[in-house]
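Please consult the sequence and the structure shown here while reading.

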Amino acid sequence: MSPSSRRGRFEGDDASGPEAGVDAVERDSDEHVAKDVGKDVKEDKDTEQDPVEKTLEDAKDATGTGDVVEQPATDQDPGNVPEPLGAVRAVGERRGMFGVSGTGDTSGYGGLVAPKALPGFTARPYGSWFDEVADALERRLGATDLAAALEGVTVHRGEITFHVRREDLAFVAQMLRDDEDLRFEFCAGVSGVHYPEDRGRELHAVYHLLSMTYNRRIRVEVTAPDADPRIPSTVSIYPTNDWHERETWDMFGIVFEGHPAMTRILMPDDWPGHPQRKEYPLGGIPVEYKGGSVPPPDQRRSYS
Amino acid sequence: MSTDTTPQDVYATGGDTSQGRVFTVTGQDWDSITEGLEESAEDRVVVNMGPQHPSTHGVLRLILELEGETVTEARCGIGYLHTGIEKNMEYRTWVQGVTFCTRMDYLSPFFNEATYSLGVERLLDIEDQIPEKAQVMRVLLMELNRISSHLVCIATGGMEIGALTVMTIGFRERELVLDLFELITGLRMNHAFIRPGGVAQDLPPGALDEIRDFVALMKKRLPEYADLCNANPIFRRRLEDIGHLDLSGCLALGLSGPVLRSTGYAWDLRKTQPYSGYEDYDFEVQTWDTCDSYGRFRIRLNEMWESLKIIEQCAERLAGLEGAPVMVGDRKVAWPSQLAIGSDGMGNSLDHVRHIMGQSMEALIHHFKLVTEGFRVPAGQAYVPVESPRGELGAHVVSDGGTRPFRAHFRDPSFTNLQATSVMSEGGMVSDVIVAIASLDPVMGGVDR
């Protein structure tokens, strides 16, 4: 097996089987053989596992949380240790290393598949005042028979995100604004994000709320599938979201149900499509200048 | 409407559309309008003001329904300056994003850069590694920028109500700030100077002296605005009680900045949620209690004094930080080299070029990778708002772990504040719409992005 398999899962690994291990005997140290064979056996066992989850596990195995591999000090930086399973939520995967496709892969990294893993749900305690807010929210939700409205909580980089079930958004927003322990009076708008690979929850609407009373900031995230892009409007609770929801409709095609005038705001009224969605191309109109033409950026050669 | 017997008025033409009769007025002669309206004088008049109108702050389109000179309904049409910056940023590296977002709100470019850079730094988890000098330079540039932005607001606001001297002296002082920007960053606007990890360049020699001269000069000149406006009866009558919006209205509509502070609520992110070391500076949050355009004008005037105080403190601190780093030490984030002054002006550092081309293959690879591919930012999302001259400006940056922003959304205060147009101007006179909007200080580059 190639040494690079330590960095992640390579396409074709599954097919290589024991022969790869035999190859490795000739080239690599015994230590590696033991590890590689062990890995193959493990993969056979795990065939029914979700592919993305398996990728994560492999990545974790391979980056050496195991006992055998002695890593140089630079690699042991906390930033280099992968997040434990469960703390991340995988949305799709990244292929290759340089973002180049359609040309011959001369880098040797073209087969690399790495998961795109966003921070997942966090377990209690969240730290600082986060627990107070979560307690107050859960207490109120529990009192109203809507305990399931809160799908989970993410604490990442000192910011807290509440993932709210979309049908309960209006209720939760009302409570966040009015409850005396919460008092999030100020909404800094809606920001749409499109994750085409987050199956069943492709469209995210993100609300940044600010409590001036307690000087706290939280984020509320709601998702909707591409097939049914509807999210309840919060204009009646936060009138400031009027234009923000129109912008998110304009750019992502999220329909905010109950909005008083759901029309485009930045693009012309007769514009086809929603430009900030990931499948919507950038540019697409070749720019010509004195005989030369400039293709849109995503069709140029790039290194990402 | 002209008939065959009268000559066609080229400045006021009319035409029938499916929406009714439409007249295009560019000033001059209103006779053709009054004649044309005779048959339907009972109907409401809907006036399209803009998007090309000198007193709507750029390409803002106001749709006003009038009854005589009273506005019964006011609506905004925006989007005429939409440039797709947020979409474009998804196709460039994290560092190149600064070059895009600086162009959004073109009167306060440093604030756009700062909020974006702070967000990226939070995702990179290097917030506490930003060198002190970079922090101080950011504060210095942002406060200089606050002065130049407030000057434009006061200058154009004055011009729109006929106070032309306020306009000329406003732009005169702004020019001084732009000269400082040019000296420090090389450009008068669109600087792309504040970058994830620090700032692009160290202070040039002599900059601190120039800054001190500027502060001294501004202390002489700022009182001129107070002399011209504060007690001027015409100015006061045009601004007082116009564009009224109280605290609950501000919170409901998400207004921030001087408009919020004109209700007497001292909410300023520099004090309440300090960033870039604002907690180390001595300054006051300015408020007024009249909820009107005049109060917002006075707040802006007073904030310029506060900014001067901060700039003085920055200059003092920078004097003790000569030669200190202005970029984070992590070579996987920091740009490989700084620019250098050559015989033909500022450009690539020849020492660096010599090093990567002649001495170190590894350095060349590192330079190439960092400049073309960029650095990877751990997956996640961040929102770090700053107090821009117009209110809360925040960048919601989302990363999927790649070398480019997965999504960058800017919560621009101009966009949010413009929603108050209706509530501020309905029921008032047409001429007061202009004053109310000028007191919001919208910048269409930021509204439309």
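How many Å apart do the C-alpha centres of domain 1 of chain B and domain 2 of chain B lie?

## Domains of chain B

In this predicted model, the C-alpha centres of domain 1 and domain 2 of chain B are 35 Å apart. Domain 1 of chain B covers residues 12-77, whereas domain 2 of chain B is made up of the segments 85-333 and 375-448.

## Contact between the two domains

Domain 1 of chain B contributes 17 residues to the contact, and domain 2 of chain B likewise contributes 17 residues. On the side of domain 1 of chain B that touches domain 2 of chain B, the strands β4 (61-67) and β5 (70-77) of chain B each provide at least two residues. The largest share of that side, 7 residues, is supplied by β5(B).

By residue class, the side of domain 1 of chain B that touches domain 2 of chain B consists of 8 nonpolar, 6 polar and 3 charged residues.

## Contact between chains A and B

Between the chains, 35 residues of chain A are in contact with 41 residues of chain B. Four elements of chain A each supply at least two residues of the side that touches chain B: β3 (112-119), β6 (186-194), β7 (203-211) and α6 (241-252). Of these, β6(A) provides the largest share, with 6 residues.

The side of chain A that touches chain B comprises 19 nonpolar residues, together with 8 polar and 8 charged residues.

Technical notes
Residues numbered from 1 in each chain as written. Chains lettered and ligands numbered in written order. Predicted model: local features only at pLDDT ≥ 70, side-chain atom pairs only at ≥ 80, totals over all residues. Contact = placed C-beta atoms within 7 Å. Nonpolar A, V, L, I, M, F, W, Y, C, P; charged D, E, K, R; others polar. Domains from an automatic or database assignment.
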